[in-house]
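Please look over the model shown here. The report below takes its helices and their contacts in turn.

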Amino acid sequence: MEALELVAAACALVSAGLGLTAGVGLVRFPDTLSRMHAAAKPQVLGVLLALAAAWCEEPSWGIAGPLLLVAIFQMVGVTMTSYTVGHVACEEMRDR
């Protein structure tokens with residue numbers, strides 16, 4: 001096996017572990033704010049590692065562009081969604 005294949009395998013395994021961590025956090029934590037952090041942080045890192053694994057399997061500039069776009073949209077989208085969900089959850093708690 002080549003070194004990039006080993007890096008890709010390691011990234012894929014860590015990515016799967018982070019996805020599992022996010023899922024367990026969603027089930028384990030009781031309130032929305034805790035769940036928001038448990039879902040957002042490991043999910044973003046897991047997707048970035050999965051993208052890195054995909055690039056290590058096929059390291060070319062033709063693949064780097066779309067992978068970079070997916071990474072940027074993932075980081076911006078999850079950040080904004082987590083902020084919005086947290087803001088709504090705080091408003092709901094304040095109204096009670």
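Serine 15 is found in helix α1. Helices are DSSP runs of H or I, at least four residues long, numbered from the N terminus. This is a predicted model, in which local features need pLDDT of at least 70, side-chain atom pairs count only at pLDDT 80 or more, and totals for chains, interfaces and linings use all residues. Residues are numbered from 1 along each chain as its sequence is written, and side-chain values use heavy atoms, with hydrogens and water left out.

Serine 15 counts as buried because its relative accessibility is 14%. The cut-offs are under 20% relative accessible area for buried, over 50% for exposed, and partly exposed in between (1.4 Å probe, protein chains only). Serine 15 touches Gly46, Val47, Leu49 and Ala50, not counting residues up to four places away in sequence. Contact here means heavy atoms within 4.5 Å.

The largest nonpolar core has 6 residues: Ala8, Cys11, Leu18, Leu49, Ala53 and Cys56. α1 (3-28) and α2 each supply at least two residues of this core. Such a core is a set of buried Ala, Val, Leu, Ile, Met, Phe, Trp, Tyr and Cys residues joined through side-chain atoms within 4.5 Å. Alanine 53 touches Ala8, Cys11 and Ala12, leaving aside residues up to four places away in sequence.

## Helix α2

How far apart are the end C-alpha atoms of α2? They are 37 Å apart, which agrees with the 38 Å that its 26 residues should span at 1.5 Å a residue. The expected span is 1.5 Å times one less than the number of residues.

The buried residues of α2 are Met36, Ala38, Ala39, Ala40, Pro42, Val44, Gly46, Leu49, Leu51, Ala53 and Cys56. They pack against α1 and α3.

Leucine 33 is also found in α2. With 24% relative accessibility, leucine 33 counts as partly exposed. Leucine 33 touches Gly86, Ala89, Cys90 and Met93, again not counting residues up to four places away in sequence. Its C-alpha is separated by 9.8 Å from that of tyrosine 83, 50 residues apart along the chain.

## The α2 and α3 pair

The axes of α2 (residues 32-57) and α3 (residues 61-95) come within 10 Å and cross at roughly 180 degrees. The two helices are therefore roughly antiparallel. Axes are lines fitted to C-alpha atoms, for helices over the stretch in contact, and angles run from 0 to 180 degrees between N-to-C directions. Angles over 145 degrees count as roughly antiparallel, under 35 as roughly parallel, 65 to 115 as roughly perpendicular, and the rest as oblique.

The residues of the contact divide into 20 nonpolar, 5 polar and no charged. Ala, Val, Leu, Ile, Met, Phe, Trp, Tyr, Cys and Pro count as nonpolar, Asp, Glu, Lys and Arg as charged, and the others, Gly among them, as polar.

## Helix α3

α3 has 35 residues and reaches 51 Å from its first C-alpha to its last, close to the 51 Å expected at 1.5 Å a residue. Leu67, Ala71, Gln74, Val78, Ser82, Gly86 and Ala89 are buried in α3. What covers them includes α2.

Serine 82 lies in α3. Its relative accessibility is 15%, so serine 82 counts as buried. Serine 82 touches Met36 and Ala40, not counting residues up to four places away in sequence.

Methionine 80 is partly exposed, with a relative accessible area of 48%. The C-alpha atoms of methionine 80 and proline 30, 50 residues apart along the chain, are separated by 22 Å.
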